[in-house]
Amino acid sequence: MDLRFIGIDPNTGHNECPAVWVDLAKDPEPNLVFQGWLADQETQDECLKNSPKPDTEAVIRIPARMVPLIRKACDAAERAAQL
């Protein structure tokens, strides 16, 4: 595992922060790793209407204000995939 920390939600004051990383290990390609708030049951139920959730997955919430950090993580993952 080669985790690269990208950033945390800029509005949290560094406590209980949604965050994003890129796992640069190519297995078979880089992955984005998110830490977020566990979604409430109503949100989880609504999501499951469109996509089943295996026991190894979770529905989380990431604030939209983190879009710049998510873009940065996507860019890093794409660069790593091209190497």
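Which residue of strand 3 does Val22 stand opposite? Val22 stands opposite Leu32. This is a predicted model, where local features need pLDDT of at least 70, side-chain atom pairs count only at pLDDT 80 or more, and totals for chains, interfaces and linings use all residues. Residues are numbered from 1 along each chain as its sequence is written, and side-chain values use heavy atoms, with hydrogens and water left out.

**View 1. Three strands form an open sheet in the order 1-2-3.** The pairing is antiparallel. Strands are DSSP runs (E, at least two residues), as are helices (H or I, at least four), numbered from the N terminus. Two strands pair if DSSP finds at least two bridges between them. Strand 1 (3–8) and strand 3 (31–35) are the edge strands, each pairing on one side only. Neighbouring strands are turned by 20 degrees against each other on average, direction ignored. Five bridges join strand 2 to strand 3.

**View 2. Helix 2 lies across strand 1, strand 2 and strand 3.** The helix runs at about 160 degrees to strand 1. Axes are lines fitted to C-alpha atoms, for helices over the stretch in contact (heavy atoms within 4.5 Å). Angles run from 0 to 180 degrees between N-to-C directions.

**View 3. The largest nonpolar core has eight residues.** They are Ile6, Val20, Val22, Met66, Leu69, Ala73, Ala76 and Ala77. Such a core is a set of buried Ala, Val, Leu, Ile, Met, Phe, Trp, Tyr and Cys residues joined through side-chain atoms within 4.5 Å. Buried means under 20% relative accessible area (1.4 Å probe, protein chains only). Strand 2 (19–23) and helix 2 (67–82) each give two or more residues to this core. Helix 2 gives the most, with four.

Key: Buried means under 20% relative accessible area, exposed over 50%, partly exposed in between (1.4 Å probe, protein chains only).
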